[in-house]
Structure formats: C-alpha cells, structure tokens
Amino acid sequence: MKFNTSDLLDYYYEGLYPELEALEKERKRIVRQIVVVFIVVALALLWILSRTGGNAETFLFLAFGAFVLLGFVINWLMGSYRRRFKERIFRKIVTRIDPNLIYIPDGMIPKTIFRLSGLFSDDIDHYDGNDLIRGKIGETPIEFSDLTVEKETTDAKGRKDRHTIFAGTFIMTEFHKSFKHTTMVFPDIAERYLGVLGGWLQGMASKKLVRMDNPAFEKEFKVYADDPIEAHYLLTPIIMEKLVALKKRADAPLYLSFKYDKLFIAIANGGDWFEPTLLKSLLSIDIFKAYIENLNLILGIVEELNLNRRIWSKE
C-alpha cells in the first residue's frame with residue numbers, strides 16, 4: 001500500500017507533473033488577483049479615511065469590512081482551483097495508493113458517527129467537512145474525512161462567536177478485538193505540564209481514570225474506561241507504544257474511543273492536510289510528499305495497530 005521513494009518520484013514526474021503544471025499556472029494567477037484586490041481595497045480604505053478625517057472608530061469599522069471582503073474574494077477565487085486540485089491530483093494520489101479506496105471530495109463523516117464516538121461535546125451548532133475516503137485495508141474497513149465542528153455562543157451584549165470543538169481528521173475503523181465497554185483516550189495536558197500533581201488531580205476528578213504502566217504513554221494520554229480490566233486488554237504495551245509513535249508523527253493532539261465495537265480516532269490537525277497550497281508552489285516535491293505522508297499515516301494506522309489481525313476473540 002505505501003509508496004517507496006522510487007515509486008513516489010516516478011509517479012510525481014510521469015503521472016502528475018503535467019496536471020500540476022497547469023494548476024500551478026492557475027495558482028499564480030489567483031495570487032496575482034488577490035494582490036490586486038488587496039491593493040485596491042487598501043487604497044479605497046485610505047481614500048475613505050482621508051475624507052472622514054481619520055476617525056479611529058471609522059477606521060476599525062472599515063478595516064473589519066475590508067477583512068471580510070478579502071476573505072470572501074479569496075474563498076471565491078480558490079473555489080474552482082480547489083475543486084480541480086482534488087479531482088485531478090488528490091483523487092489520483094488516493095487511487096494510486098489503493099485502487100479500492102473511494103474518494104468523495106465533498107463528502108464527510110456523518111454527524112451521528114461523530115457524536116457516537118463520545119469524544120467531544122455533542123452540543124454542536126456548525127458541522128462541516130470534506131475529503132471523505134472509505135474502503136478496506138486488508139479485511140479492515142476504514143472511513144475518514146476532515147471535519148470542522150463548532151459551537152456558537154452569545155455574549156452579554158448579544159454578540160455571537162464560534163468556538164472550535166474539533167478541527168481535523170476523524171477516522172472510524174474496527175478494532176481487532178471484541179469489547180463490551182467504553183474506553184476513551186484523550187491528550188493528557190495536565191500530566192504533561194504538572195507531572196504527578198496533574199495525574200493526582202485527574203484521579204480526583206474522575207473515578208473512571210485508568211492508570212497504564214507505560215510512562216511514555218501516560219505522559220501523552222489519559223485513559224477513562226467503564227471497565228479498567230478491559231482497558232488494559234485493549235491498550236496492550238505494543239498498542240500504547242504505537243499510539244505514542246502515531247501522536248509524534250501526526251504532530252497533533254490525538255483522541256481515541258473504543259465504543260460500540262468500533263475504534264474512533266480524531267487527529268486535531270486543523271483539517272488542512274489535503275488542501276491545495278496557495279502560497280507555495282504545487283511543483284515542489286516536498287508539497288507532494290506531504291500529501292502522501294499524511295495519507296500513509298492515516299491508512300497505515302490499520303497496519304501499525306495490527307487491526308487486520310483477527311484473533312479468537314473477534315467474531
């Protein structure tokens with residue numbers, strides 16, 4: 001499933017480079033258009049300020065309006081470029097890695113599945129996503145997409161604001177062992193910064209906290225489980241080592257839940273692993289390698305965690 005370096009370079013130059021060259025011209029055109037729009041908006045802002053006497057409130061109001069306008073223009077200009085990139089480049093990368101994988105650019109993990117994981121608050125006001133990929137790695141089904149999940153709040157003055165619940169890659173797959181209870185794995189911020197005191201505070205806060213016997217794992221994660229024995233059965237020493245390594249490779253907070261016979265994994269990477277670059281050249285081999293490495297990291301979870309291994313306890 002994974003590319004080696006030689007495969008990667010061959011496919012980059014022979015399979016994708018002509019398409020990348022065409023898209024690179026479009027990227028440069030969009031950057032020029034954005035610069036022109038920025039200059040026009042800045043000059044208009046300065047002209048209006050000169051006519052209104054440089055009032056600070058007026059300046060802030062106009063600057064906010066200009067910021068919103070620029071964001072709208074950039075998003076509009078990026079629309080067709082983003083669609084072409086995903087259809088002509090990213091789809092080919094996905095099917096090159098595994099022809100049996102299905103890629104749906106505008107698809108996403110359903111909200112019901114996200115809520116089912118129990119990893120985050122289900123008080124959701126905004127739910128969006130893209131880059132849905134599903135299929136099987138060996139005998140193990142896997143499905144994932146980027147998600148942006150937000151909660152809207154209103155302050156005392158009636159001003160509304162959005163707060164991110166989760167932004168990143170959300171994965172649903174199957175674990176190779178059967179289990180009956182729920183086990184949750186969260187990033188351990190308290191113990192990482194407060195050491196033993198942080199662990200003690202966590203234990204006081206919840207009776208479901210389960211101590212694991214791997215110091216490196218304990219430093220990165222905290223485990224809550226309905227059944228501590230089952231948590232140790234699922235999180236073997238090898239699985240804990242793999243999760244520590246996965247967190248390091250992803251360079252992002254990692255959340256897991258073992259629930260309803262499924263394994264849910266959330267990588268809080270911001271959700272832009274598979275987006276086309278605007279400020280860097282698409283012809284850079286490093287950019288191309290990043291897409292491959294991120295896909296391999298996610299699809300490789302099946303192999304890294306030995307999810308294809310069917311043992312006697314998995315019916």
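**Figure 1. The salt bridge between Glu218 and Arg211 in the predicted model.** In this close-up of a predicted model, the side chains of Glu218 and Arg211 meet in a salt bridge, with a distance of 2.9 Å from N to O. Glu218 is buried, its relative accessible area being 8%, whereas Arg211, with a relative accessible area of 40%, is partly exposed. Elsewhere in the model, salt bridges that share partners join Arg82, Lys86, Asp131 and Glu275 into one network, and the structure holds 17 salt bridges.

**Figure 2. The salt bridge between Glu26 and Arg84.** The closest N and O atoms of Glu26 and Arg84 are 2.8 Å apart, and the two residues form a salt bridge. Because Glu26 belongs to helix α1 (residues 5-52) and Arg84 to helix α2 (residues 56-97), the pair ties together parts that are 58 residues apart in sequence. Glu26 has a relative accessible area of 9% and is buried, while Arg84, at 33% relative accessibility, counts as partly exposed.

**Figure 3. The salt bridge between Asp131 and Lys86.** Here the closest N and O atoms are 3.1 Å apart, and Asp131 forms a salt bridge with Lys86. Asp131 lies in strand β2 (residues 126-137) and Lys86 in helix α2, so this pair ties together parts that are 45 residues apart in sequence. Both Asp131 and Lys86 are buried, and both belong to the network of salt bridges that also takes in Arg82 and Glu275.

**Figure 4. The largest nonpolar core and the surroundings of Ile267.** The largest nonpolar core has 65 residues, and those with the most contacts inside this core are Ile93, Phe144, Phe217, Leu235, Leu243, Ile267 and Leu295. When its neighbours within four places in sequence are left aside, Ile267 is in contact with a set of residues that includes Phe166, Ala167, Gly168, Thr169 and Ile171, as well as Ala250, Pro253, Trp273 and Leu297. A second, separate core of 21 residues includes Leu119, Ile165, Phe170 and Ala266.

Figure 5. In the model, the span of residues 30-49 is 100% helix and 0% strand, and its end C-alpha atoms lie 28 Å apart. The chain over residues 61-81 is likewise 100% helix and 0% strand, with the end C-alpha atoms 31 Å apart.

Definitions and conventions:
Residues numbered from 1 in each chain as written. Predicted model: local features only at pLDDT ≥ 70, side-chain atom pairs only at ≥ 80, totals over all residues. Heavy atoms only, no water. Core = buried A, V, L, I, M, F, W, Y, C linked by side-chain atoms within 4.5 Å. Buried < 20%, exposed > 50% of the residue type's maximum accessible area, 1.4 Å probe, protein only. Contact = heavy atoms within 4.5 Å. Salt bridge = Lys/Arg side-chain N within 4 Å of Asp/Glu carboxyl O. Helix = DSSP H or I, 4+ residues; strand = E, 2+ residues; numbered from the N terminus.
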